[in-house]
Amino acid sequence: MTATDAQNQPWWKRGVIYHCYVRSFMDSNGDGVGDLPGLTSKLDTLRDDTPSSLGIEGLWLSPVYPSPNHDFGYDISDYRSIDPAYGTMDDFDRLVACARARGIHLIMDLVVNHSSTEHPWFRQAHTSRENIFHDYYLWSDGTNGKPPNNWGSSFGGSAWEWNEQTHEFYLHSFLKEQADLNWRNPRLREEIHDIMRFWMDRGVDGFRLDVANYYVKDAQLRDNSHKFVIAQPMPGNPSTTLFMPMSREVCDHTVDQPETHDALREMRCVIDEKPGRMMVGEITQRTQGQVLSYYGDGGSELNLVFNFFFFVRRFRAKDFRDIIEQTLDLLPEGAWPAWVLSNHDVVRAASRYRLSPAMAKSMMGLLLTLKGTPFLYYGEELGLANTSLPRRLLQDPVGKRYWPLPVGRDGERAPMPWDATAGAGFTTGIPWLPVSASSVTYSVESADPTSVLSFTRRLSWFRSHHPALTTGDMATIDGPSDTCLCFTRTSPAEHMTITINLSDQTAQIPRGSFTSDQTPLFSTEEHPSIDSLAPWEVRIATTPA
Ligand code: GLC
């Protein structure tokens, strides 16, 4: 594959996608909350077509629609406008235009398993059983004043809430302020399709589908056979607890119902109405096979499905190799992986794995060289860790509810550290979440040539110029030692070997081994040795075909 062939691949296959938690990225008006004009003012750092930006291809915005913010935007009260805290529709249009001028594609978060109970649909629906919007939601009479079954909310407690006006329970898979929509109602489905068209017409290139395997629920409301587990310790780092949706038990009647696949196929038809559009789905952790089934038969459902398996494995070459091999083995024909190390729901990789800057570079090396689309969570390019918060500053309802269990998500949502000033260059006001103490060390402004940020930019630039790395094939191979993760990336024009030493020890490269006759093209080291890999070294080498 030539560089031009790689360019002909869809943008969402070839490039890095940046996950921007808008509320924490850049505040333009000093109210302590990140906003769209703030984000627009920082687009050059994301892509300016030189090696001094991150060189992203896509930008996923956390939800920016009006919301009462019980779950920070994941409870939407109007799917067709912008929350004033983030700006206006004009600000949004300006963002789209400025992003497009730089070659950045925009992805909106589509949260349609549920709406806010403040949404006009629900405000009508709950007033009477006869209301035309009543059937947009899921209701049950319950039995003797009790919920109809054992379904639990992912945020704790029963998933059913009593509605006085109609003397029924309504379903909420998350907070009681997030009422689940009835995906069996064809009119509701049409509404969702129209919302998608509305944003595509405004220039949006894709959608990230929130909890896309939750849409349809069992029609008979049968009990789930397993109980919910709220949190589990991270393997290898028991002080870090994984937030539930990633690690919960099987909920056989609330998620992964066959009809959800029909709904996704319909949405895919809407996406395909406009060329170059895509959707990526959050399929909360199941088995690899179940997750991958969401690409659909013949690629008829999601264009990309997040691979979250790095959230639950140890920082070890063997664990990483297992994840990669399982993914590549089970990936349906023609499907393209999507890799994630951190997001707004889990402890950042830097904290989960207790990464030093050198280790953060090796993780970045992995993310940007795997076959598949890398999703980069804002701040990850700095090697940013979680911020710890005292109880009184907690904002996330999950954190408040389960305190002192460390399951809250505020720690990974702290403001982007742009510089070392009091507001971290994020705000001139009081930030909605405190700026992390480590922000000073990890700020964008303080990044020197040895920083994680400089490494990320350099590698992203390198990646974008090598079709083997963007769109080539991949196979794992044995590395020079057990601590090394090693794989090849191949395109018709290039054959590359990536070796990552996931250890603080030097790894010797035996003479005559596969790596000894390769030319290092890229490395974390300024002068890579041909006989060994330095601790945590990421090396990309080319082998003559
Ligand atoms: C997804 C989101 C999470 C949200 C939940 C409910 O898991 O990523 O932030 O709380 O859905 O919408």
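Let me start with the open sheet, which has 3 strands in the order β5-β7-β6, with antiparallel pairing. The strands at the edges are β5, residues 139-140, and β6, residues 160-163. Each of these has a single partner strand, so one side of each is left without a neighbour in the sheet. Please keep in mind that this is a predicted model.

How many bridges join β6 and β7? There are 4, and the two strands pair in the antiparallel sense. Strand β7 covers residues 168-171. To find one of these pairings on the screen, look for Trp160, whose bridge partner in β7 is Leu171.

Next, the ligand. There are 14 residues around it, and those that come nearest are Asp71, Asp210, Glu282, His344 and Asp345. For three of them I have distances. In Asp71, an N or O atom of the side chain is 2.5 Å from an oxygen atom of the ligand. For His344, the distance from a side-chain N or O atom to a ligand oxygen is 2.8 Å. For Asp345, a polar side-chain atom lies 2.4 Å from an oxygen atom of the ligand. How much of the ligand's accessible area does the protein cover? On its own the ligand has 300 Å², and the protein covers 100% of that.

What kinds of residue make up the shell around the ligand? By class, 7 are charged, 4 are nonpolar and 3 are polar.

Now the aromatic residues. A search of the whole structure finds 35 aromatic pairs. I will take one of them, Phe320 with Tyr353, which is edge-to-face. The ring centres are 6.0 Å apart, with 65 degrees between the planes; the pair counts as edge-to-face because that angle is over 60 degrees.

Where do the two residues sit in the chain? Phe320 is in helix α10, residues 317-330, while Tyr353 is in the loop between α11, residues 349-352, and α12, residues 357-367. The pair therefore ties together parts that are 33 residues apart in sequence.

Are these two residues buried or exposed? Phe320 has a relative accessible area of 0%, so it is buried. Tyr353 has 7% relative accessibility and also counts as buried, because the cut-off for buried is under 20%.

Last item: an aromatic cluster. Which residues form it? They are Tyr65, Tyr79, Phe92, Trp121, Phe133, Tyr136, Phe198 and Trp199.

Key:
Residues numbered from 1 in each chain as written. Predicted model: local features only at pLDDT ≥ 70, side-chain atom pairs only at ≥ 80, totals over all residues. Heavy atoms only, no water. Pairing = 2+ DSSP bridges. Near = heavy atom within 4 Å. Polar contact = N/O pair within 3.5 Å; in protein donor to acceptor, adjacent residues only side chain to side chain. Areas by Shrake-Rupley, 256 points an atom, 1.4 Å probe, with all protein chains shown as cover. Nonpolar A, V, L, I, M, F, W, Y, C, P; charged D, E, K, R; others polar. Phe/Tyr/Trp six-rings, centres within 6.5 Å; stacked < 30°, edge-to-face > 60°. Buried < 20%, exposed > 50% of the residue type's maximum accessible area, 1.4 Å probe, protein only.
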